[in-house]
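Me: I'd like to learn how to read a structure like this one. Please take me through it one feature at a time.

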Amino acid sequence: MELDPDTCYKAVASHDRRFDGRFFVGVSSTGIYCRPVCAVRTPKRENCTFYESAAAAEKHGFRPCLRCRPELAPGHGLADISGRLAQAAATLIDEGFMADAGVAALAGRIGVTERHLHRLFTAQFGVSVLEYVQTQRLLLAKRLLTDTALPVTEVALAAGFGSVRRFNDVLRTRYGLTPMTMRKRASEGIADRLVFELGYRPPLAWDALLGFLAVRAVDGIEQVRDGAYARTLAVESGGTVHRGWVRLDHVPGRLVLRVTLSASLARVIPQSLGKVRRLCDLGCRPDIVDRHLGDLATDVPGMRLPGSVDGFEIAVRAVIGQVISVVQARRVLARLAQAAGDGLEAPAMAIVGCAPLQYCFPSLPRWPRCLPTPWLQPACRQARSARCARFLNALPAASCRWSRICRLNRPWRRCARSMASATGPRSTWPCAHWAGPMRSRVPTTHCVRCLA
Ligand SMILES: [Zn+2]
């Protein structure tokens, strides 16, 4: 990616929030790199160098600023970037994909060879994949040391360092700091929860986003009240499923979302924060979106496309939502959650005054083999419920295709369209990757593995 130094410097001088997260500025007189929105005095032009990523700035010897905190910068939206594949890989890394996988697995996931991935990465971010991963780990550790009261051992493991010793070594060589000096100003955390902040580019139509989530909130899985949203999360890592909850509050004065995670998600923090980013579309660039929306955005600037925390979940919700009304869908989903959802260890009151959070959304392995039509009644009329059941029964088999469709933060309607095409006519070509009773329903062209 080519950065124009003059434009970048103007953005730094005016603290232009549209550029937050799109580049970082390294200041040679201090050895520190900052977000363009940093509140410190604007450095002299001749001392500034601009980098596409935090990793590139660190590669050139700069340390992260403790004031603007580069780890809080919003990410990229998928629509606004030329190197989509490199960005998709970077997003996966940010969300903790590399916690249990290597570069080869990452390359396989986005469908390119390892060598090509390195080429893409160097062109887009100016660093190798491993350098990028190392920087993300350090920034996560910095965030955990500053924002939580987790012990250093936990911080090292949660950030993906194999041992505390390795963590200390890297921190000393890269930042010239020890965990304790970094923690000096850390706030006292509450033992059973972890609190973080996620930045965004203003404006953010939080009330509109919350309104969308509120009318679709499923009892036992989600809570919405007094401007806050909470829901349960199930995150898989290293063969273990971590279940807990997340609560989101908007802090307009600081232009961040305050994210509270239950302590049970301490081992999967990057994955959980990644899901929140996706759900709230925090990588969005509202200046571009609002320009395209024109008059439609006048009353509600900063609208986002709500994403999802899980591909399978959005598939189910989109199908049910397309067949029956939103109100009926809520009832059906609550019934499904009760019957097939994995329960939390104890009901959680993330938001006081709402029905407690009790279940995670039913996962693919626990999805009923054949969904009985009566489950959907009396919520909807017979013909509709039969159609709905047919769609839902076909879901698990076709989910390999859908997980890819839905992973990319697509709007609900588009997911639903893609899914409708996947559940279309029966194919006489069964997909070899999906055995079982639904096998003949998955047309070969819809399986990601067949296509690869
Ligand atoms: Zn700064």
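Reply: Let's start with strand pairing: two strands pair if DSSP finds at least two bridges between them. Helices (H or I, at least four residues) and strands (E, at least two) are themselves DSSP runs, numbered from the N terminus. Here, Val251 stands opposite Val256 in β9. Before we go on, this is a predicted model, where local features need pLDDT of at least 70 and side-chain atom pairs count only at pLDDT 80 or more, while totals for chains, interfaces and linings use all residues. Residues are numbered from 1 along each chain as its sequence is written.

Me: How many bridges join β8 to β9?

Reply: Six, with β8 (residues 240-251) and β9 (residues 256-262) running antiparallel. Both belong to an open sheet of five strands, in the order β5-β9-β8-β7-β6, with antiparallel pairing. From one strand to the next, the twist averages 25 degrees; angles run from 0 to 180 degrees between N-to-C directions, using axes that are lines fitted to C-alpha atoms, for helices over the stretch in contact.

Me: What should I look for in the hairpin of β6 and β7?

Reply: Look at the turn: two residues sit between the strands, and Asp226 takes a positive phi near 50 degrees there. Asp226 is a residue other than glycine. The two strands pair in the antiparallel sense over four bridges, and the bridge partner of Arg225 is Ala228 in β7.

Me: Is Asp226 buried or exposed?

Reply: Count C-beta atoms, placed from the backbone: a residue is buried with 20 or more others within 10 Å of its own, exposed with 12 or fewer, and partly exposed in between. Asp226 counts as exposed because it has 9 C-beta neighbours inside 10 Å. His15 also has a positive phi, about 50 degrees, although it is not a glycine. His15 is in the loop between α1 (5-13) and β1 (24-27), and it counts as partly exposed because it has 15 C-beta neighbours inside 10 Å. For the chain as a whole, buried residues make up 45% of the 452 residues.

Me: Where is there a cis peptide bond?

Reply: Look between Pro202 and Pro203, where omega is about 0 degrees. Pro203 lies in the loop between β5 and α10. Follow the chain into helix α10 (residues 206-216) and you'll see it lie across β6, β7 (228-237) and β8, at about 135 degrees to β6.

Me: At what angle do α3 and α5 pack?

Reply: About 95 degrees, with the axes of α3 (residues 84-94) and α5 9 Å apart. That makes α3 roughly perpendicular to α5, on a scale where angles under 35 degrees are roughly parallel, over 145 roughly antiparallel, 65 to 115 roughly perpendicular and the rest oblique. The contact is made by Leu85, Ala86 and Ala89 of α3 and by Leu117, Leu120, Phe121, Gln124 and Phe125 of α5. "In contact" means that the two C-beta atoms, placed from the backbone, lie within 7 Å.

Me: Which residues touch the most other members of the largest nonpolar core?

Reply: Val25, Phe121, Tyr132 and Ala141 do, in a core of 104 residues. Helix α6 (residues 129-147) gives the most to this core, nine residues. A nonpolar core is a set of buried Ala, Val, Leu, Ile, Met, Phe, Trp, Tyr and Cys residues joined through C-beta atoms within 7 Å. Leaving aside neighbours within four places in sequence, the contacts of Phe121 include Ala86, Ala89 and Tyr132.

Me: Which residues of α14 are buried?

Reply: Ala329, Arg330, Val332, Leu333, Leu336 and Ala337 are. An α-helix has 3.6 residues a turn, so residues three or four places apart point the same way. The cover over the buried residues of α14 includes α10, α13 (311-323) and β11 (357-359). Helix α14 (residues 326-340) has 15 residues and reaches 20 Å from first C-alpha to last, close to the 21 Å expected; the expected span is 1.5 Å times one less than the number of residues.
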